[in-house]
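Here is a short report on one protein model.

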Amino acid sequence: MDKDLAARQEARELARQAEAAQQTLKACSQEQLDRMAQAISRAFMEQAESLGRMACEETGFGNPADKAEKNRFAAGRVWEAIRDLKTVGLLREDREKKLWELGVPVGVIAAIVPSTNPTSTVCYKAMIALKAGCAIVFSPHPSAARCTQEAVRIAARAAREAGCPAGAVSCLENVTMEATNELMTCPQVRLILATGGPGMVKAAYSSGKPAIGVGAGNGPAYIHPSADLPKAVSDILRSKTFDNGTICASEQSIIVETSNARAFQEEAARQGAYFLSREEAGKVARVLFRPDGRMNPKVVGRTAQTIGALAGIQIPQSARVLVARETEAGPTRPYSMEKLCPVLAYYVEENQDSVLRKAIAVLSHEGAGHSFMLHARDESVIRRFAQEIPVSRFLVNTPGALGGIGATTNLFPALTLGCGAVGGSSSSNNIGPTDLINIRRVAWGVRDMAPARTAEVSEDMINALTAEIMRKLM
């Protein structure tokens, strides 16, 4: 049988099985759904390290320790956040207004999984789907198919042992673009939850189905003169080196003012930033992106030393992040774009007004709606920038990668980060179970509407109107 035909048939069969499972799930109590989600949490806690190693070996992205930490984040922190949520049945009763609100699962979900966070995304999405009473079918990235499929097997087995119906958690084995497109258009699929590159997110929104997709991250980090400089630098380098920069909320550029530029450079160098010369920056720029404008997969999630070697530059072993001076933002400025690796753009602006303009220019080019990081102790600066910067996550004095996903902040812990309308996304939320339900509202009649009065029309009025119509027709 033709490979593409077999892949499409598999997608249709998994969607049908998921729909059959959905009929059982929608009748489950909150307690039953919670047991399923918690079982996945426990299974992933046990397998966090092995799955982290598997993902790193298959993709070459990041490092095993941080991938294991992401698995533990998805299994532990996400479960803690969703454990006490009420998602199905009667959610709210307003006796005074005579209104009920009931949670209703959206139904079968098609889940697109990225190569950068393949196993942790499976844990997270499977848990929030079952918590919401939804069956879910995963579509792996081709370069992370084996580890994604293994993660889904672990999740499905744990959920079944906790009472989940067969077919409620499944994964494409024949990984092709045709299979993914077939899955997204299957009539049984009610929602697409897409985490991945711009092309895949666009395909999800073009499928004709409701979709939750996320845009590119390209968050600037502004270090204001009032900041605790050593901590700000430490936060940024910790964020940008976590799993070698594969989290989309990680910082992509640093902006400082002229008044604190020298102090920043000295502190950043002390903590492991390697400032590229103009010649070196040009060489690195040529390996960051392919001729078609897409990121070079050979640099994604690699170390500073590996990226330097690809560019023909010897980078000291002490270097944690490569930093390149930049002045503008746009399609001809590769450092102004999202770089899923430990490489940062570096802007120096005259004053706060200029910083604000530059940050907006960077985000307008790429990353609008995603994330912005500000390091400052002056609350007036925080208030001003919060009103102006077009993002959904405005993070203060925290590492971007870890703050954006809710690890170091009180944002909802998530690995799918909505960018809102400004970023071309249907949601600005850190996506959770409440994004995967509909609300059914039961409303009692509480007031009467008086019947509308019928105007009396005399025979003279009718004759006059008829004469006017005839005059216009002649």
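## Nonpolar cores

The largest nonpolar core of this predicted model has 81 residues. Leu25, Ile40, Phe44, Ile109, Phe138 and Ile192 touch the most other members. A separate core holds 42 residues. Phe61, Leu276, Ile315 and Cys341 are among them.

## Helix 1

Helix 1 covers residues 3–25, 23 residues in total. From first C-alpha to last, helix 1 reaches 32 Å. That is close to the 33 Å expected at 1.5 Å a residue.

Its buried residues are Ala7, Glu10, Ala11, Leu14, Ala15, Ala18, Ala21, Gln22 and Leu25. An α-helix has 3.6 residues a turn, so residues three or four places apart point the same way. Leu25, buried in helix 1, is also one of the core residues that touch the most other members.

## Threonine 59

Thr59 lies in helix 2, residues 30–59. Its relative accessible area is 10%, which means that Thr59 is buried, under the 20% cut-off.

Thr59 and Ser115 are 56 residues apart in sequence. In space, their C-alpha atoms are 7.0 Å apart. Beyond neighbours within four places in sequence, Thr59 is in contact with Lys67, Ser115, Ser143, Ala144 and Arg302.

## Surface patch

Leu90, Trp100, Trp444 and Val446 form a nonpolar patch on the surface. Together they have about 380 Å² of accessible area.

Trp444 sits in the loop between strand 15 (437–443) and helix 15 (459–473). Trp444 is partly exposed, with a relative accessible area of 41%.

## Positive phi

Most residues other than glycine have a negative phi. Which way does phi go at Lys98, positive or negative? Phi of Lys98 is positive, about 55°, although the residue is not a glycine. Lys98 is in the loop between strand 1 (89–94) and strand 2 (99–105). With a relative accessible area of 42%, Lys98 is partly exposed.

Asp243 also has a positive phi, near 50°. Asp243 belongs to the loop between helix 8 (229–241) and strand 9 (253–257).

Definitions and conventions
Residues are numbered from 1 along each chain as its sequence is written. This is a predicted model: local features need pLDDT of at least 70, side-chain atom pairs count only at pLDDT 80 or more; totals for chains, interfaces and linings use all residues. Side-chain values use heavy atoms; hydrogens and water are left out. Patches are made of residues with over 30% relative accessible area and no salt bridge: like charges are joined within 9 Å, nonpolar side chains (Val, Leu, Ile, Met, Phe, Trp, Tyr) within 5 Å. Accessible areas come from the Shrake-Rupley method with a 1.4 Å probe; for residues, only the protein chains shown count as cover. A salt bridge is a side-chain nitrogen of Lys or Arg within 4 Å of a carboxyl oxygen of Asp or Glu. Helices (H or I, at least four residues) and strands (E, at least two) are DSSP runs, numbered from the N terminus. Buried means under 20% relative accessible area, exposed over 50%, partly exposed in between (1.4 Å probe, protein chains only). A nonpolar core is a set of buried Ala, Val, Leu, Ile, Met, Phe, Trp, Tyr and Cys residues joined through side-chain atoms within 4.5 Å. The expected span of a helix is 1.5 Å times one less than its number of residues. Contact means heavy atoms within 4.5 Å.
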